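Have the coordinates open in your viewer and follow along. We will go from a pair of helices to a sheet, and finish with a couple of single residues.

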Amino acid sequence: MRVVGIDLGSVAAKGVLLDGRRIYTALRPTGWSPREAGEEILAVLLQQAGLHASQVDKTVATGYGRVTYNGADRTITEISCHARGVFHLYPQARTIIDIGGQDSKVISINHEGKVADFAMNDRCAAGTGRFLQVMANALGLEVSQLGEKEKPGEQVTVSSMCTVFAESEVIGLLAAGTSIGGIIAGVHQAVGKRVAAMAKKLGLVEKIIFTGGVAMNKGVHRALCEELGYPVLAAQECQFTGALGAALLAL
Ligand code: ADP
């Protein structure tokens, strides 16, 4: 059986093709058209695997752009797909924290990997990848550089809860000569604090797995562990867990 999972996120489109024991992955920016991004992801996966579209048995699409993509047999929510993908990689997972480009989610799963409960923030950019992208821009950095450049020992507090005010706060701190590494640590702490508050409300059960593109940021990972008071494991291939889950559900 050959299956494809496509996760059309707000920032990045991700795909996973499972062909027996072989696994192929593809990623590209979603851009303005999630539908086109999905089509391109499928084409890249098929090319890598040396397959024709007719040789794929089932395709499942997930992510916010899933409704615009008509190449899938089924669409399934990101909550179910992340849960499936993370549980496959980490059967000991009971709490999943997913921070993506424009939302953050906390998902509780049981010992069978079934979703027991979840909480989601998709109303406010604070506590999402968007917040980090705005701050990286204000600091003249790429979002991928933030984790390496933070200096937790010099951390300052970024107190504004709103992305727009926090951006102007960061610009003010820069103008006052505050260490960039200290500002970045403060930005990470603000994200960690916000997501941890949502996770604590839902209730924390170990093991806690951190996934989504933001899990690549070591600074947010550090801040999340501190704010939760629990060890958190950053998932391997964290940006692909939703697409992997979609492929496994297709299977
Ligand atoms: P979505 O599914 O909403 O498109 P993703 O789970 O793909 O979101 O995560 C996108 C976010 O991941 C970006 O907003 C950015 O903050 C973060 N990100 C992407 N690449 C990196 C990287 N190399 N290092 C750190 N963070 C990253």
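The crossing of α3 and α6 is right-handed, a label used when the near helix is turned clockwise from the far one by less than a right angle, with anticlockwise giving left-handed. Helices here are DSSP runs of H or I with at least four residues, strands are E runs of at least two, and both are numbered from the N terminus. The contact brings together F131, L132 and M135 of α3 with V187, H188, A190 and V191 of α6, where contact means heavy atoms within 4.5 Å. Sorted by class, this contact has six nonpolar residues, one polar and no charged ones; Ala, Val, Leu, Ile, Met, Phe, Trp, Tyr, Cys and Pro count as nonpolar, Asp, Glu, Lys and Arg as charged, and the others, Gly among them, as polar.

A word on the source: this is a predicted model, in which local features need pLDDT of at least 70 and side-chain atom pairs count only at pLDDT 80 or more, while totals for chains, interfaces and linings use all residues. Residues are numbered from 1 along each chain as its sequence is written, and side-chain values use heavy atoms, leaving out hydrogens and water.

Now to the open sheet, whose five strands come in the order β8-β7-β6-β9-β10 with mixed pairing; two strands pair if DSSP finds at least two bridges between them. β8 (115-121) and β10 (232-234) stand at the edges with a single partner strand each, so one side of each has no neighbour in the sheet. On average, neighbouring strands of this sheet are turned by 20° against each other, direction ignored. Inside the sheet, β6 (residues 95-99) and β7 (residues 104-109) pair in the antiparallel sense over five bridges, and T95 has S108 in β7 as its bridge partner.

Helix α2 (residues 78-89) packs on the sheet and touches β6, β7, β8 and β9 (208-211). Helix α7 (residues 218-228) lies across β6, β9 and β10.

Leaving aside residues up to four places away in sequence, N217 touches L132, L146, G147 and H188. L132 and H188 also take part in the contact between α3 and α6.

For contrast, find V164 in helix α5 (residues 163-175): V164 is exposed, at 60% relative accessible area.

Technical notes
Axes fitted to C-alpha atoms, helices over the stretch in contact; angles between N-to-C directions. Buried < 20%, exposed > 50% of the residue type's maximum accessible area, 1.4 Å probe, protein only.
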